[in-house]
Amino acid sequence: MLLNLYRSNSPIAVFSLPLLIAALALPQLFTNLEHFNYLFSWQIELWSSINQYPFLNYALTVTTVAISAHQLNNVFNQNTFYSKNSFTPGFIYVLCLLTFDALVFTPMLLAHLFIILSLRHLFKLRRQDEAKAIIFWSGFFTGMAFLLAPMQATLILLPWIGLTIFRPFVWREWVMVILGAAIPLIYYASYMYISEGYLAVEAPEQSEFNTKGNTQLYSLINYIFFGLILIGSFYNYLAIARSEINRFKKQSQVLAHMTWLSGLSFLAGWYFYDIFYLGFLIPIAIIVGTQLLHSRNNTVVNGIVIIWLIISLANVVLGS
């Protein structure tokens with residue numbers, strides 16, 4: 001079954017996940033990619049150039065998603081979410097992107113990679129170990145994500161929340177978050193001032209993702225099914241967390257805060273600029289993947305995942 005393939009980190013899973021991503025992203029080769037919304041002028045210019053070549057957009061999509069899924073699996077496997085190494089979270093992340101028809105190369109997709117890298121450093125925090133370098137890099141990658149997806153600025157609070165959860169207050173470490181996040185912003189502002197003389201920000205009028213099919217029945221079924229999976233996953237995850245070690249519970253707190261902070265980014269991007277920022281898919285992939293791996297009824301779980309894949313793929317194909 002499909003999910004069983006990614007339960008382990010077998011060589012087959014290593015090579016099949018990028019191939020699966022390549023197959024699921026194929027509709028982008030036949031989709032009009034001209035009308036996208038970005039906040040910065042350099043993003044408009046760069047992605048307009050990329051979108052002129054569908055295969056280039058496709059190749060960058062597959063590469064970026066594959067790297068992000070791989071890094072998400074590393075975050076999962078290097079911590080205490082499951083007793084064995086698994087590729088399930090990366091697979092679920094890909095399914096989540098497919099659900100929102102977001103398997104297309106955008107600044108948000110690159111921002112996801114930096115958010116995952118920030119989370120990876122955040123989970124390295126230990127109560128008794130000095131964390132200045134760790135938290136600096138967490139802040140730095142959050143700053144990089146902000147440059148690509150500005151409404152994700154709410155996630156700058158996450159390193160401080162992580163410090164609160166994992167370690168006693170050390171003011172130098174809290175300052176390192178600001179320093180790390182500020183460096184990419186300072187370099188960006190300096191470059192824009194030297195090259196353009198101003199920080200060009202656009203106010204887009206259309207959504208970043210194609211929403212013309214969202215009112216149709218198959219789109220409604222797609223999101224309802226996804227919502228039901230989330231409700232069941234969060235409920236089961238809470239039951240799992242109650243029986244796990246203290247570090248698992250702390251990591252779960254970080255994921256919970258990351259979810260609502262990303263949710264605020266989603267609402268802000270949608271309300272102010274009609275752009276969908278889907279950073280909440282990263283903690284959701286870990287949460288859903290964890291509870292699927294802990295499930296004892298493999299037949300039912302595999303059935304749900306296959307139905308989820310079919311519904312999401314149908315929504316992408318029929319909505320194109």
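The model is predicted, so local features need pLDDT of at least 70 and side-chain atom pairs count only at pLDDT 80 or more, while totals for chains, interfaces and linings use all residues. Residues are numbered from 1 along each chain as its sequence is written, and side-chain values use heavy atoms, with hydrogens and water left out.

Let me begin with the cavities. On a 1 Å grid over the protein atoms alone, a cavity is a set of points where a 1.4 Å probe fits but cannot get out; a pocket is an open set with protein on both sides within 12 Å along at least five of seven lines; and lining residues have an atom within 4 Å of a point. Grid points are joined across faces, edges and corners, and a volume is the space filled by probe spheres set on the points.

Around the second largest cavity stand Ile-115, Ser-118, Leu-119, Thr-142, Ala-145, Gln-152, Leu-155 and Leu-158. Two or more of the lining residues come from each of helix H6 (107-122) and helix H7 (132-148); helices here are DSSP runs (H or I, at least four residues), numbered from the N terminus. H6 gives the most, with three residues. By class, this lining has five nonpolar, three polar and no charged residues, where Ala, Val, Leu, Ile, Met, Phe, Trp, Tyr, Cys and Pro count as nonpolar, Asp, Glu, Lys and Arg as charged, and the others, Gly among them, as polar.

I turn now to the second largest pocket, which holds about 180 Å³ of space. It has 13 lining residues, and Ser-233, Asn-236, Gln-291, Leu-292 and Ile-304 are the closest to its centre. Helix H10 (217-242), helix H12 (281-294) and helix H13 (298-319) each supply at least two lining residues, with H10 giving the most, at five. This pocket lining comprises eight nonpolar, five polar and no charged residues.

Finally, the packing of two of these helices. The axes of H10 and H12 lie 9 Å apart, at an angle of about 65°; axes are lines fitted to C-alpha atoms, for helices over the stretch in contact, and angles run from 0 to 180 degrees between N-to-C directions. H10 is therefore roughly perpendicular to H12, a term covering 65 to 115 degrees. The residues of their contact (heavy atoms within 4.5 Å) divide into 10 nonpolar, five polar and no charged.

Terms used
Angles under 35 degrees count as roughly parallel, over 145 as roughly antiparallel, 65 to 115 as roughly perpendicular and the rest as oblique.
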